[in-house]
Amino acid sequence: MNNPGILKRFLDSFSFVIAPPICILCSRLIDVELDESEHICNNCLLNLPVAKSSQEILERINMNFGKENNPFDYAISLFDSGTNQEFLKIIHTLKYKKFKKIGTFLGIKLGKKIYEHLSLLEYDIDFIIPVPIHRIRLRERGFNQAEIIVDAISNVINRPVNVNLISRKLYTQSQTSLDLSERIKNVQNAFEINLDLVSLQSKNFLLVDDVITSGSTLYHCARLLKENGANKLIIAVLTTA
Ligand SMILES: [Zn+2]
């Protein structure tokens with residue numbers, strides 16, 4: 001038992017007996033041979049609520065910030081939790097239970113969807129940007145969930161990631177307990193842009209977050225890019241809520 005690898009395997013076999021992998025949505029036992037994910041069963045994956053269209057997501061931004069101010073050209077989501085909040089468990093498990101594998105697994109699925117949509121658009125993506133979290137929150141959580149998703153997307157669509165272009169300078173209150181108007185105010189002026197890193201002129205960006213609700217976080221990041229010369233901006237999220 002001096003070998004740490006053997007010890008780990010020994011302990012893992014116990015953790016399986018104590019806590020066998022179950023689906024976070026329906027609590028069914030995961031079949032590690034058949035199910036695609038370790039955390040969501042195939043049946044639940046097939047029945048994720050249908051994603052909102054690009055137009056529906058963009059209309060949400062128009063409604064909250066005015067059509068003339070909408071910096072986005074297109075939006076892609078993997079599914080929609082809006083009608084059934086139960087599905088937000090997926091985001092919760094990624095963020096707070098720190099099951100990064102869910103982020104990677106769904107990030108790959110989102111990447112494949114982005115790839116399909118890109119073939120229909122007349123423009124391409126130059127950089128993929130994860131919505132940043134403040135360094136204090138990064139220390140608390142240990143990772144930025146948007147970066148996990150972005151890494152998976154980048155592997156699928158083969159475009160570079162830029163994690164330092166936008167940073168979060170204000171440590172803002174968590175959005176979960178806020179109503180719509182509070183959410184919109186909460187992130188105003190929360191971000192800053194590092195212009196030394198890259199010239200934004202005529203570049204197209206894919207901005208990625210785990211979930212879009214009011215759209216205020218994505219909106220404020222996008223405004224910074226747009227004000228500094230960015231061309232096309234696309235949103236990609238795992239879910240709308
Ligand atoms: Zn399930």
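## Contacts of Ile235

Ile235 touches Ile57, Phe72, Ala75, Ile76, Leu207, Ile212 and Leu218, leaving aside its neighbours within four places in sequence. Contact here means that the C-beta atoms of two residues, placed from the backbone, lie within 7 Å.

The model is predicted: local features need pLDDT of at least 70, side-chain atom pairs count only at pLDDT 80 or more, and totals for chains, interfaces and linings use all residues. Numbering starts from 1 along each chain as its sequence is written.

## The nonpolar core

Ile235 is also among the residues with the most contacts inside the largest nonpolar core, together with Leu207, Val208, Ile234 and Ala236. That core has 56 residues. Domain 1 (1-47) and domain 2 (48-240) both contribute to this core, so it lies between them. A nonpolar core is a set of buried Ala, Val, Leu, Ile, Met, Phe, Trp, Tyr and Cys residues joined through C-beta atoms within 7 Å. Buried means 20 or more other C-beta atoms within 10 Å of the residue's own; exposed means 12 or fewer; partly exposed is in between.

Strand β6 spans residues 233-240, and eight of its eight residues are buried. Strands (E, at least two residues) and helices (H or I, at least four) are DSSP runs, numbered from the N terminus. Two strands pair if DSSP finds at least two bridges between them.

Strand β1 (residues 74-80) runs parallel to β6, joined by six bridges. Ala75 has Ile235 as its bridge partner in β6. Strand β5 (residues 205-212) pairs with β6 over seven bridges, also in the parallel sense. Here Asp209 is bridged to Val237 of β6. From β5 the chain passes through helix α9 (residues 216-227) to β6 in a right-handed β-α-β crossover. Right-handed means that, with the strands pointing away from the viewer, the path from the first strand over the helix to the second runs clockwise.

## The two domains

Domain bounds come from an automatic or database domain assignment. The C-alpha centres of domain 1 and domain 2 lie 29 Å apart. Eight residues from domain 1 and nine residues from domain 2 make the contact.

## Two serines with positive phi

Most residues other than glycine have a negative phi. Ser27 has a positive phi of about 70 degrees. Ser27 sits in the loop between α1 (4-18) and α2 (42-46). It counts as exposed, with 8 C-beta neighbours inside 10 Å.

Ser202 has a positive phi of about 60 degrees. Its loop runs between β4 (191-193) and β5. Ser202 is exposed too, with 10 other C-beta atoms within 10 Å.
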